[in-house]
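Student: I would like to go through this model with you, piece by piece. Could we begin with a pair of packed helices?

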Amino acid sequence: MTLLLALAGTPRLVHLSPIDLIIIVFYFVLVLAIGFYLKEQANTGEDFFMAGREMTAWIAGLSFLSANLGSLELMGWAGASYQYGILAAHWYWIGAIPAMLFLALVMMPFYYISKTHSVPGYLKLRFGEPSRALSSVSFAFMTVLMSGINMYSMALVLKIVLGWDINFSILISSVTVAIYVALGGLRSAIFNEVLQFILIWAGALLIPILGLIEAGGWSGLKARIATNASAEYTHLWSTLGRFNDNPMGIHWTGIVFGLGAIISMGYWTTDFLVVQRVLSAKDLRAAKMAPIIGAGFKMMVPFIVILPGLLGLALLDTKLVGETQAIATNGHSYNEVLPLMLARYCGPGLLGLGITALIAGFMSGMAGNVSAFTTVWTYDIYRALIKKDGSDAHYVSMGRWSTVVGVAISVGTAYLVMDFKSIMDYVQALFSFFIAPLFGTVLLGMLWKRATSAGGFWGLLAGTSSSVGMWAWVKMDPSALRYVALSPYARDMAENMYRALWSCLICAFVTVAVSLATKPRPDAELKGLVYGVTDIPSEAYVSTLHRPWFWAVVVGIIFVVLNVIFW
Amino acid sequence: MKRGGSISIWFFIGISLLVNGLLIFGAGVYEFFHPPVKQVVLYHLHANIWWGGILAVIGAAYCIHFAPGKGRV
């Protein structure tokens, strides 16, 4: 991220032809047309905030995944794979697939049966108003900030890649997102996310195909990387035995327990930005299938994100460097690998589609943040704390206006980030503070009926506070890294993994301790919210091919095979 | 997803792929007959022709299959 900030002054990477511009303009026209078309279908609160709860598993699943393909996902992870090799794929496989399957099979029934509108809404039902207030205010605050960062990132990328003015890009993207989300609500956001998902694949898939042809297939790619960098860059697990044996400075325990068990579980199962898409499914089976479908496609995303980074490492004549060196030498940075590969293979038309894919990725992330903010603001803050007796039409109106206000705040954040660039790093750190403890709270709430309201609230507060505390400790005293991340060699990513692990464990410990010391709620009040006292609808009448469990096993097997192949 | 007489999302996707595919295909054909001075790597494979063609065919199939009024979701 800071890398892109620093490179804003470099010359543009590609030049667009008129046909490329037509493709980009057509994308914006289509996105707005969908928003206007769907306005008529967003009249009630259920329509506007939950897309009528009538999405099929495929649409909910692709939208669930697409909402995560925003921000610097495409360019950032392509750059990370150039820098760290195939280790970056952990964020797509062990850092996503187990969590998505866990959401589908274990957690989704409780979210769906409770008929909650949001994750903070579930906390209200399970732990009471204080827990909801804590999570909803922090979520709303962070979401608009993240949306602003998305917006600024997109504008910056367009400046770097195309030479476009930052103000122009912010204006166009913010107005477009505000219009189509305010008009059609979550349904419009979901429709556009599915469209954007398809465009991302259509625009980016050609790079790995042509890259592999040029490199001489996978074996040729590995041979070139072994020459240009090191053979270790193409191994997922074999270099993770020691912190200083791999370019990421991470140990396998950080990847498995920090990333796989805590950070990804927290993100994919409790971040309302993604969970909201699944809650829009038409029935419980569709809601369970959606994350499984998303997981299937998530496993393939490295093909258009990680592989281009590796191809860049193998094929580019220019050596990409870190931010400081790139600024000093006016060279190209790691994060530019994707547009560089795009320019390498794509002529007129294809280049426009590739750039559209990048813009689509940013817009879907931004729209995802804004639509999630709108729901949490309207249902969990405005209706819960400010105006409890409004009509449905009033809340829909509030939803539309809060979309516009949310986008406006995001624009303000984008300019704030522009002036105070370190804010970006702090906000991203702040966002991570809430995810890991929230997972502990929600998981205990769903699986342990003895957890009490006081336990949930104090556990969440303790987990969040401890995460902030550990982060501040390392900031003030870098040598504390040996305690927080278990090694003085740990890098930022490794520190994040372990901080998440400790904060989740602290949250769980405090939740259990306080719960055991306080009076539990009667079982009757927990029906539909907790395992053991909730009747989960049987799937006995459904054929094997239509059962979520069957497809989860299929996805799980492919996941294991991929990890073994690239071991 | 569609409701009542509304249009399926897959139809919109079909429109997008069809239009983009035709534009890319057209640009590829033009390049084939008027080769640029500065060519991309693997230019001889004419990726924009076949990739544009693939997108256009898939887009057309979606447009037909999910055309408004056919009752598909």
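Student: Which residues of α6(A) meet α24(A)?

Tutor: This is a predicted model. In it, I97(A), L101(A), A104(A) and L105(A) are the residues of α6(A) that meet α24(A). On the α24(A) side, the partners are P548(A), W549(A), A552(A), V555(A), G556(A) and F559(A).

Student: How many of those are nonpolar, polar or charged?

Tutor: The contact of α6(A) with α24(A) has 9 nonpolar residues, 1 polar residue and no charged ones.

Student: And at what angle do the axes of the two helices cross?

Tutor: Helix α6 of chain A covers residues 97-113 and helix α24 of chain A covers residues 548-565; their axes come within 11 Å and cross at roughly 170 degrees. That angle makes α6(A) roughly antiparallel to α24(A), because angles over 145 degrees count as roughly antiparallel.

Student: What about α4(A) and α13(A), how do they pack?

Tutor: Helix α4 (residues 57-66) and helix α13 (residues 272-279) of chain A pack at about 170 degrees, with axes 8 Å apart. They are therefore roughly antiparallel to each other. A60(A), S63(A) and F64(A) of α4(A) make the contact with V274(A), R277(A) and V278(A) of α13(A). The residues of this contact divide into 4 nonpolar, 1 polar and 1 charged.

Student: Stepping back, how many helices and strands does chain A have?

Tutor: Chain A has 24 helices and 0 strands.

Student: Why does its radius of gyration agree with a compact globule?

Tutor: A compact globule of 567 residues would have a radius of gyration near 24 Å, and chain A has 23 Å, so the two agree. Along its principal axes, the C-alpha trace of chain A spans about 65 × 55 × 55 Å.

Student: What share of the chain is buried?

Tutor: Buried residues make up 59% of the 567 residues in chain A. As for contacts in chain A with a separation of 6 or more, 84% are between residues 24 or more positions apart.

Student: Let us turn to α2(A). Which of its residues are buried?

Tutor: They are I19(A), D20(A), I23(A), Y27(A), V31(A), I34(A), G35(A) and L38(A). The cover over these buried residues includes α9 (166-204) and α18 (350-386) of chain A, together with α1 of chain B. Helix α2 of chain A itself has 21 residues, 18-38, and reaches 30 Å from its first C-alpha to its last, close to the 30 Å expected.

Student: Is L353(A) buried or exposed?

Tutor: L353(A), which lies in helix α18 of chain A, is buried because 29 other C-beta atoms lie within 10 Å, and 20 or more are needed to count as buried.

Student: What is it in contact with?

Tutor: Apart from neighbours within four places in sequence, L353(A) is in contact with I23(A), A202(A), G203(A), N20(B) and I24(B). I23(A) is also one of the buried residues of α2(A).

Student: How many residues does each chain bring to the contact between A and B?

Tutor: Chain B contributes 25 residues and chain A contributes 30. On the side of chain B that touches chain A, α1 (9-33) and α2 (47-65) of chain B each supply at least two residues. α1(B) gives the most, with 12 residues.

Student: And the residue types on that side of chain B?

Tutor: The side of chain B that touches chain A has 17 nonpolar, 6 polar and 2 charged residues.

Technical notes. Residues are numbered from 1 along each chain as its sequence is written. Chains are lettered from A and ligands numbered from 1 in the order in which they are written. This is a predicted model: local features need pLDDT of at least 70, side-chain atom pairs count only at pLDDT 80 or more; totals for chains, interfaces and linings use all residues. Axes are lines fitted to C-alpha atoms, for helices over the stretch in contact, and angles run from 0 to 180 degrees between N-to-C directions. Helices (H or I, at least four residues) and strands (E, at least two) are DSSP runs, numbered from the N terminus. Angles under 35 degrees count as roughly parallel, over 145 as roughly antiparallel, 65 to 115 as roughly perpendicular and the rest as oblique. Two residues are in contact if their C-beta atoms, placed from the backbone, lie within 7 Å. Ala, Val, Leu, Ile, Met, Phe, Trp, Tyr, Cys and Pro count as nonpolar, Asp, Glu, Lys and Arg as charged, and the others, Gly among them, as polar. The radius of gyration is taken over C-alpha atoms; the globule rule is 2.2 Å times the number of residues to the power 0.38. A residue is buried if 20 or more other C-beta atoms lie within 10 Å of its own, exposed if 12 or fewer, and partly exposed in between; C-beta atoms are placed from the backbone. The expected span of a helix is 1.5 Å times one less than its number of residues.
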